[in-house]
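User: I want to learn how to read a ligand site and helix packing in a model. Can you take me through one?

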Amino acid sequence: MIEVDHIARTYTRGDGTPVPALKDISFGIAKGEFVTIRGASGSGKSSLLNILGCLDTPTAGTYRLDGEDVSHHDDQRRSHVRNRKIGFVFQSFNLLPRTTAVENVEIPALYAGGHVDRGRALAILGRVGLGDRADHYVTELSGGEQQRVAIARALMNDPPLLLADEPTGNLDSAAGESVMALLTELHREGRTIVLVTHDEGVAAHAKREILIRDGLIASDRPQGRDAATARQSA
Amino acid sequence: MAQPDGSTWRHLARGCLRQIWRYRLRSALVVFCAALGVAGAVTSVNYASGGRAQVLEKIRRLGTNVVVINAEQSRAVGGRARTGQVVTTLREPDYRALQREIAGLVRSSAVITAGMRLKAGFNSKVSPVLGVEPDFFRIKSWALAEGEYFDEEDLKRSVRVALLGHTVARDLYGAESPVGQRLFINRVPFEVAGVLSERGQGIDITNEDQQVYVPLTTAMRRLLDAEHYTSILFELESSDQMARVSREIEELLRVRHRISEFRPADFRVGNQVDLIRTQLASSERLGFLVRWIGFSGLVVGGLGVLAIAWIAVRDRTTEIGTRRALGATAPDIFFQFAFEAMVLATAGALLGLALGWLASRLTAHQAALPFIFERSNALAALAVALLLNLVFASWPAWRAARLDPIQALKHE
Ligand SMILES: Nc1ncnc2c1ncn2[C@@H]1O[C@H](COP(=O)(O)OP(=O)(O)O)[C@@H](O)[C@H]1O
Ligand SMILES: [Mg+2]
């Protein structure tokens, strides 16, 4: 699903000094995996996720998504890759205000060309447990419900990869748990999920954890219930 | 990307309308700016057109090929002005000589004027009464509102008939038709033959609607017992001959009145072409100025659209980042914002056209100018406004499209 090969990302500050946010990162993620990327603030998690999400390109190395080398795509082609292959879940939900839940879910379909299938949007909302909230304005929903609408939106174009950046960061623990439960279910249904967090409790839901420190991979190991079996086989 | 089908466009369009509603205060401001610009431009240009049309109408009425000889007290006689004294030196032999000697005259009318008391029933007023020849009305291209003109036969017999200016008719007879009614002028009974059409204020100060017109000979013999004229009007074959004819009249009358060319004369030969030219030129200058003011209004309106669209892009940065992450391309974002602004600006421009029409009516009414709504002007204003707004709406939209999605998502 994901093949990251010696990628680096160096930003240039306003005064011209380079900031190496990612130094030399390589890993692979197979289809159907549930992986967390964990690290301290400033370690380079978001930089990595931006590249994985085709919002950014690495300054060195290659990134293959679904077998396609996307590291040199231009803005237009990356937009199409994002639209078809990636579902984003943001820390602050990023739903459009004064817009109903179902309209938010439909947005990715608007940019896919072809038919906007309201029935499908409603079905996905039902799938995340918000079938009865479809016509509510998002401001009328609780934080947990809003994040589930955002997850439904990420699923609209049926992308093979879900990327979530601190999806529980703005939620209380109960709502956070329900969102994590939903992501876990989606994983069980066979979706590939990559989740960025600094929270070990959240990371425990995943099957594998990549730990990042100063733009390098500090560790990459199985996690949670599978950890023991994985360690045995290793 | 697959070519979007109708359903996608419908969704995008509906999305835009929803955004417009969602930010309705801001949307209203865009509409307002665009409307004000167009309304201002349309109104000012129409106002200028009205002024110009009025000058042109006055010129048409006056005739550009008319020479007027006024019997006039020369100002310098005895070293000081002696106005108020009637000059009686302009007489029939002069008139006949001029008609005989000067080439290129097509129509003429001698005129004698005096203020007189009019009485009709219980109504009474003092008005200028003009004794004129039938050609007077042709020279002035002055139509009748009702009744009939008097003719040469009436002049020959000094018939006591009168034509009333529009205001006089209303003042003396109210809503009733004056035609065929009795009118006393200085106690002499007349019959009203007709009422002249309304002229309004002329290019000179006289208001021709407030005057009464009777046959020349009737005025001279039956009302004034006079042998002189107040003025003589000549219509020329063409206005090119104005200078020559004026000069020849001047020379001939000086000879006849035995006034050397170095002394002030007892008449003045004039034409109003020069006056008209200045008026027309100033109205053209005003028109030019007003067009510029109108255009500036459009630009200011456009800048309003720009400012508000710019603020909208800044306020909606997170939305832009989100849409980009969900797969919107830079052109998608551009079209979304440009379309939203253009829908509003176009609505505003059309509203401005309607407002401009109303305001043009009002200002024309207030300024007593003819109401003119030049469709070509309005369309030009609309076209310029739409073009300007397209530019001014595209700029922020372009900026929105160029935002880095990552920075836009970070924006809070
Ligand atoms: N656009 C940028 N320009 C310059 N430096 C940046 C930029 N984005 C991130 N950085 C720097 O790169 C490093 C990694 O940042 P980030 O990937 O956001 O870390 P994390 O998400 O783990 O907190 C930080 O030191 C940060 O200051
Ligand atoms: Mg971060």
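Analyst: We start with the ligand site and then turn to the helix pairs. Keep in mind that this is a predicted model.

User: Where does ligand 1 lie?
Analyst: Start with the chains. Ligand 1 sits between chains A and B.

User: Which residues surround ligand 1?
Analyst: Read the shell by chain. From chain A, the surrounding residues include Y11(A), A21(A), A40(A) and S41(A), then G42(A), S43(A), G44(A), K45(A), S46(A) and S47(A). Chain B brings in Q407(B) and K410(B).

User: Which polar atoms lie by the oxygen atoms of ligand 1?
Analyst: Look for N or O pairs within 3.5 Å. For S47(A), an N or O atom of the side chain is 2.6 Å from an oxygen atom of ligand 1. For S46(A), the side chain again supplies the N or O atom, at 2.7 Å from a ligand oxygen. S43(A) uses its backbone: a polar atom there is 3.3 Å from an oxygen atom of ligand 1.

User: How much of ligand 1 does the protein bury?
Analyst: Begin with the ligand taken alone. Ligand 1 then exposes 560 Å², and the protein buries 68% of that.

User: What angle do helix 5 and helix 6 of chain A make?
Analyst: Apply the other cut-off. The axes of helix 5 of chain A and helix 6 (residues 173–188) of chain A cross at roughly 20° and come within 9 Å. So these two helices of chain A, helix 5 and helix 6, are roughly parallel. Helix 5 of chain A passes helix 6 of chain A in a right-handed crossing.

User: At what angle do helix 4 and helix 5 of chain A pack?
Analyst: Helix 4 (residues 118–127) of chain A and helix 5 (residues 143–155) of chain A pack at about 135°, with axes 9 Å apart. Helix 4 and helix 5 of chain A are therefore oblique to each other. This crossing of helix 4 and helix 5 of chain A is right-handed.

Terms used. Residues are numbered from 1 along each chain as its sequence is written. Chains are lettered from A and ligands numbered from 1 in the order in which they are written. This is a predicted model: local features need pLDDT of at least 70, side-chain atom pairs count only at pLDDT 80 or more; totals for chains, interfaces and linings use all residues. Side-chain values use heavy atoms; hydrogens and water are left out. A residue is near a molecule or strand if one of its heavy atoms lies within 4 Å of it. A polar contact is a pair of N or O atoms within 3.5 Å; within protein, one must be able to donate a hydrogen and the other to accept it, and residues adjacent in sequence count only if both atoms are side-chain atoms. Accessible areas come from the Shrake-Rupley method with a 1.4 Å probe; for residues, only the protein chains shown count as cover. Axes are lines fitted to C-alpha atoms, for helices over the stretch in contact, and angles run from 0 to 180 degrees between N-to-C directions. Helices (H or I, at least four residues) and strands (E, at least two) are DSSP runs, numbered from the N terminus. Angles under 35 degrees count as roughly parallel, over 145 as roughly antiparallel, 65 to 115 as roughly perpendicular and the rest as oblique. A crossing is left-handed if the near helix is turned anticlockwise from the far one by less than a right angle, and right-handed if clockwise.
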